[in-house]
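I wanted a quick look through this model before doing anything else with it. Here are my notebook entries, in the order I looked things up.

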Amino acid sequence: IIYGLFGSINGKNNGDLISWGRKKGIIELYCISKGRNIYIKRELNAHGQSPTYVEVDGEELVFTNKRELQSQLESEYFDTTRTTLELLCIISFNNFKSIATLNTGETKKFLDQVLGFYILTKYSDKCVEFKNSNRSEITSTQNQINSIQAQIDKLIELSNIELIDENTTELNESIRLINHNIKTLDDKFNEIKIEHNEKMKDINSNMSNIVALGKRLAKDIEFIEKGICPTCGAPIDQSHLSEKKTEKDLLMKQYQLELNESKLLNEEFTKQSNQFLSQKNELIRERDGYNATLIRIDEQKKRIKVNTEHIDILKCELEKLSQILAHHKNEDQQWCTLQSILVEEVRTKILDSFINILNQNIFKYSKYLQLPYTIRFDANFKCSVATFGFDKDIPVSSLSTGQLKVVDMVIILGVLDAMIGLNGVNIIFLDELFSNLDAKLRDEMCKILKDCTKEDQTIFIISHTELNDAHFDGEIKASLLQSNIHERHTSLKIEHYRN
């Protein structure tokens with residue numbers, strides 16, 4: 001019925017819906033919805049396309065694709081939703097092994113079917129999807145905020161006029177000190193230069209005197225060595241010649257001493273000059289560096305106004321992003337809260353209520369069937385079996401196949417009773433629920449179902465086994481007719497049907 005109405009079944013492919021050994025099938029539905037007569041015919045092919053034909057009030061619906069057709073059916077013509085109809089399929093017994101021995105995954109699947117928890121999971125997954133998307137937006141927005149804040153901090157640092165003025169004052173003071181040091185060096189060098197010049201002046205004066213004296217001695221020595229006066233021809237006294245020559249040698253030695261002293265003074269002065277020049281050049285380079293920094297600061301001052309305007313723009317952008325971030329964080333909190341409500345509060349309350357009623361029903365039916373043990377589910381829907389009147393658990397694995405089948409039947413009856421009481425279900429289909437049970441147990445099960453069914457409720461039991469007609473208001477028998485090997489169809493014959 002669900003496939004006929006909606007064209008698919010969650011978790012099933014077409015091959016799962018076709019009878020064993022067959023490759024295709026056909027489903028035809030006649031129904032009335034929103035006051036319209038609707039006819040739907042769908043083919044079921046294990047491979048390839050499965051054609052669909054729909055009439056509404058005798059007129060064929062024209063469509064370009066099945067998705068468009070299905071959307072039109074559900075929005076315009078169906079008066080119930082797919083979710084509602086899927087919730088009517090309480091238990092698909094063949095999808096599970098023994099209900100008493102379900103593992104975690106099978107338990108989840110069972111509860112998804114019985115209590116519709118898959119709807120909670122669906123919306124919880126949507127919450128996670130929206131939350132993850134929202135958190136990506138939070139990360140992206142936070143990165144933008146960090147980037148803009150870094151730009152603002154940098155511009156503020158560059159635009160700190162107080163710091164700039166402080167640096168300018170320090171630089172000017174440094175330049176003043178350097179100029180003072182240069183002047184001190186120049187003054188000291190000038191003093192040394194004056195002192196040097198004075199010494200050199202004295203030495204040069206001494207040397208000039210020595211040269212003059214030497215010239216006179218040289219003339220005297222030359223005159224004495226001639227022996228005769230060139231003017232009068234009288235002999236010259238030569239007794240002082242040796243003394244004159246000795247005096248001349250002393251003058252030459254003194255001259256050499258003065259010359260050496262002059263050379264030493266010049267070398268020392270040159271050395272001191274180089275030292276003073278090196279120190280002065282170092283101070284000049286340092287001063288030039290400070291001056292270059294002052295020039296850059298002047299340029300920076302010119303950019304401060306531009307930076308201030310840019311900071312205002314960035315702050316406005318930062319405020320907008322902060323508001324967006326706050327909005328995303330608020331949404332994140334809301335998604336987390338909603339997910340918590342769906343996953344924890346709603347699921348827990350539904351499960352607690354259901355398990356409480358289920359255990360009461362199971363206890364009731366266990367006593368009714370006079371089972372030697374009781375079955376109970378804990379808060380995590382884990383089944384335990386214990387002897388009646390004792391608190392000793394029986395390992396589920398120790399039960400025989402027949403005993404395990406009885407346990408499952410009691411659980412299913414408890415589930416049906418709970419679902420009927422909770423949801424007000426008025427029609428139930430039980431497909432092959434009594435397979436592999438003996439006649440006595442089938443009869444007991446039918447009595448239980450009859451007792452728990454209210455006047456406005458109807459139960460359809462599909463079974464290949466014979467059942468006691470006394471429990472039923474009506475009966476529909478189906479037989480398979482085979483005309484040839486290629487053509488098979490099912491014929492329904494209503495033998496008697498009273499309700």
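**Ground rules**

I'm working from a predicted model, where local features need pLDDT of at least 70, side-chain atom pairs count only at pLDDT 80 or more, and totals for chains, interfaces and linings use all residues. Numbering starts from 1 along each chain as its sequence is written, and side-chain values use heavy atoms, with hydrogens and water left out.

**Confidence**

I started with pLDDT, the predictor's confidence in each residue, from 0 to 100. The protein chain has a mean of 81, and 88% of its residues reach 70 or more. Strand β3 (residues 52-56) comes out highest at 93, while strand β11 (residues 487-497) is lowest at a mean of 45. Over residues 485-499 pLDDT stays under 50, and the model has 32 contacts beyond four places in sequence for that stretch; contact means heavy atoms within 4.5 Å.

**S33**

Next I checked S33, which sits in strand β1 (residues 24-33). Is S33 buried or exposed? It's buried, at a relative accessible area of 5% (buried is under 20%, exposed over 50%, partly exposed in between, with a 1.4 Å probe and protein chains only). I found the S33 side chain reaching the backbone oxygen of Y77 at 2.6 Å. Ignoring neighbours within four places in sequence, S33 is in contact with I38, Y77, F78 and D79.

**Helix α5**

I did a length check on helix α5 (residues 104-115). At 1.5 Å a residue its 12 residues should span 16 Å, and the end C-alpha atoms are 16 Å apart, so that agrees; the expected span is 1.5 Å times one less than the number of residues. For buried residues in α5 I noted T107, F110, L111, D112, V114 and L115. Just after α5, G116 takes a positive phi of about 70°.

**Salt bridges**

I counted 10 salt bridges in the structure, each a side-chain nitrogen of Lys or Arg within 4 Å of a carboxyl oxygen of Asp or Glu.

- D187 and K183 meet at 3.0 Å, N to O. Both lie in helix α7 (residues 161-226), four residues apart, about one turn of the helix. D187 is partly exposed at 33% relative accessibility.
- D186 pairs with K280, the closest N and O atoms being 3.1 Å apart. D186 is in helix α7 and K280 in helix α8 (residues 241-368), so this pair ties together parts 94 residues apart in sequence. D186 is partly exposed at 26%, and K280 is partly exposed at 26%.
- K447 and D443 have their closest N and O atoms 3.9 Å apart. Both lie in helix α10 (residues 439-452), four residues apart. K447 is partly exposed at 32%, and D443 is partly exposed at 21%.

Last, I looked up an open sheet of three strands, ordered β5-β6-β7 with antiparallel pairing. Which are its edge strands? They're β5 (373-377) and β7 (393-394), each pairing on one side only. Two bridges join strand β6 (residues 383-387) to β7; strands pair if DSSP finds at least two bridges between them. I also noted A386 standing opposite D393 in β7.

Terms used. A polar contact is a pair of N or O atoms within 3.5 Å; within protein, one must be able to donate a hydrogen and the other to accept it, and residues adjacent in sequence count only if both atoms are side-chain atoms.
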